[in-house]
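Biologist: Thanks for sitting down with me. Could you walk me through this model, starting with how its chains meet?

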Amino acid sequence: MSDPTTTPERRAQIPSHVPDHLVQPSGSIMYQAGAAKCPYDRLSEMHGGPRVLYRAPSSGPFSQPGAWVLTLAEDIRAVMQQPEIFSSKGLTQFPQLGGEHWDLIPIEVDPPMHGKYRVMLNPVFSPKAIDALEPGIRARAASLVDGVVKDGQCEFVEAFGRPFPVSIFMQIMGLPDADMDELNEWEHGLLHSPTVAQRQAGARGFLKYLRGLVAERRAQPMDDLAGFTVLAELDGRALTDDEVMGVYYLMVVAGLDTVAASLGLHFRHLAQDLELQSRLRADPSLIPDAVEELLRRYSIVTTNRTVTQDVEMAGVAMKKGDKVTCSTILASLDPAEFENPMAVDISRSPNRHVAFSYGPHRCLGSHLARRELTVAMEEWLDRVPEFRMKDGADAPVVPGQLLSVDALPLAWSV
Amino acid sequence: MVGVKILVDSEKCVGHARCLAAAREFFVLDDVGYNRMPPTVVPREFEQMARRGAQACPERAIEIVEDDH
């Protein structure tokens with residue numbers, strides 16, 4: 001197969017320490033927008049190929065710097081567990097898109113500061129804190145399901161997948177429901193739009209809104225996460241405005257999109273797996289295991305690290321400054337760790353998947369996300385009879401940094 | 001006591017809390033969901049439960065070793 005990256009001009013964009021045979025055409029692995037093949041199938045097939053490869057840089061609106069792409073869970077785990085060598089500084093570039101320069105906290109902070117921010121924020125998202133939120137989470141899920149159950153159909157993402165986690169997040173953060181549409185619009189602009197202008201507009205929307213929120217909570221702290229952050233102490237001092245922005249920004253970006261994306265993918269699977277639906281309805285105690293298995297089979301996040309010192313990893317020599325792409329999808333679909341990885345098997349044990357990442361940057365909201373996904377499935381299966389995709393409908397998985405479905409048309413008998 | 005020893009690498013534990021999910025009421029986590037237990041010997045009858053918790057850890061932070069003292 002001819003490889004366009006080996007032309008002299010293309011080769012010149014790739015560091016000389018990268019072996020020719022590991023170079024892949026730019027953008028061909030993760031971000032092939034509009035590709036006919038489901039991203040999960042495409043990524044899964046990479047496990048038949050080399051242990052590590054190098055994705056050439058791409059230009060255009062979704063430009064990506066060149067990066068090593070690790071394929072094995074073992075290597076991805078090793079990278080994520082060593083933040084001193086594989087830094088997440090500057091990971092998202094979201095503040096920079098809006099013309100500002102600070103870190104998203106804690107995800108873009110390396111040790112030892114990272115640990116201090118986690119100690120500060122962990123109590124807000126601890127298993128015990130989430131236990132206390134569960135009644136409210138369940139009531140919200142039940143009321144959204146009740147709103148559509150008599151219709152015999154819905155577009156799931158709009159009716160439930162988005163409003164359920166977003167409204168819970170907004171309540172935790174202390175944001176008024178009236179702001180939801182605006183926040184969703186910026187989120188979509190920042191993360192899912194094809195032009196740089198739209199992404200900048202989203203980034204600037206968030207910046208202005210969150211700067212306003214910092215000022216409001218400084219003037220009058222409230223009993224919510226936004227208020228908690230301005231009152232928090234770190235090494236005996238209050239956080240600076242930029243640090244508060246770092247926390248707010250990460251909470252908003254992570255809180256608006258991730259569980260919504262997972263819900264769409266999980267319910268897409270359920271709509272096409274009627275046998276699993278019926279098993280879970282008959283025995284709801286299986287739902288937590290089903291959620292774990294769907295988190296594994298449909299992991300959504302691809303993230304990056306920057307190499308801080310020359311190091312050997314996955315059998316190649318990486319140099320300081322290199323980028324490394326770590327896909328939780330590739331890790332969760334690695335046949336070396338999960339037998340028959342493309343199959344959904346809720347009795348899989350152990351099921352130590354990587355949907356929430358490895359290492360100290362383990363998803364801060366993982367306990368909340370798990371609870372929301374479990375409660376959503378419990379309430380939905382309890383109230384709605386067997387549902388499937390609407391006749392003739394399709395819900396293709398949209399490729400990107402975060403995999404998702406745009407819409408999921410469901411139907412059931414009433 | 002003849003049994004197994006549970007060794008938790010607290011550097012590696014990042015608070016997934018999956019050991020607890022796999023073996024409820026066996027592992028005790030701290031207030032924010034991290035496993036900070038010191039090296040602990042448990043009788044043989046609890047070996048399976050200890051191993052289930054260890055195998056659930058995405059970080060491989062828990063090791064179960066023979067203890068024959």
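Predicted model: local features only at pLDDT ≥ 70, side-chain atom pairs only at ≥ 80, totals over all residues.

Biologist: How many residues does chain B bring to the contact with chain A?

Modeller: Both sides take part, and chain A supplies 20 residues. By class, the side of chain B that touches chain A has eight nonpolar, four polar and five charged residues. The number for chain B is 17 residues.

Biologist: And what area is buried between chain B and chain A?

Modeller: Interface size is often expressed as the accessible area lost when the parts come together. Carbon and sulfur atoms give 47% of the buried area here. On the chain B side, His16(B), Val32(B) and Arg60(B) lose the most, together 32% of what that side buries. The area between the two chains is about 1,500 Å².

Biologist: Which residue of chain A forms a salt bridge with Arg60(B)?

Modeller: The rule finds three salt bridges across this interface, and ten residue pairs are in polar contact. For the salt bridge of Arg60(B), the closest N and O atoms are 3.0 Å apart. Its partner is Glu337(A).

Biologist: Nice! Now the cavity: how much space lies in the largest one?

Modeller: The structure holds one cavity of 30 Å³ or more. The space in the largest cavity is about 100 Å³.

Biologist: Which residues of its lining are closest to the centre?

Modeller: The lining has 16 residues, divided into ten nonpolar, four polar and two charged.

Terms used. Residues numbered from 1 in each chain as written. Chains lettered and ligands numbered in written order. Heavy atoms only, no water. Contact = heavy atoms within 4.5 Å. Buried area = accessible area lost by both parts, 1.4 Å probe. Salt bridge = Lys/Arg side-chain N within 4 Å of Asp/Glu carboxyl O. Polar contact = N/O pair within 3.5 Å; in protein donor to acceptor, adjacent residues only side chain to side chain. Nonpolar A, V, L, I, M, F, W, Y, C, P; charged D, E, K, R; others polar. 1 Å grid on protein atoms, 1.4 Å probe; cavity = no way out; pocket = protein on both sides within 12 Å on 5 of 7 lines; lining within 4 Å. Points joined across faces, edges and corners; volume = space filled by probe spheres on them.
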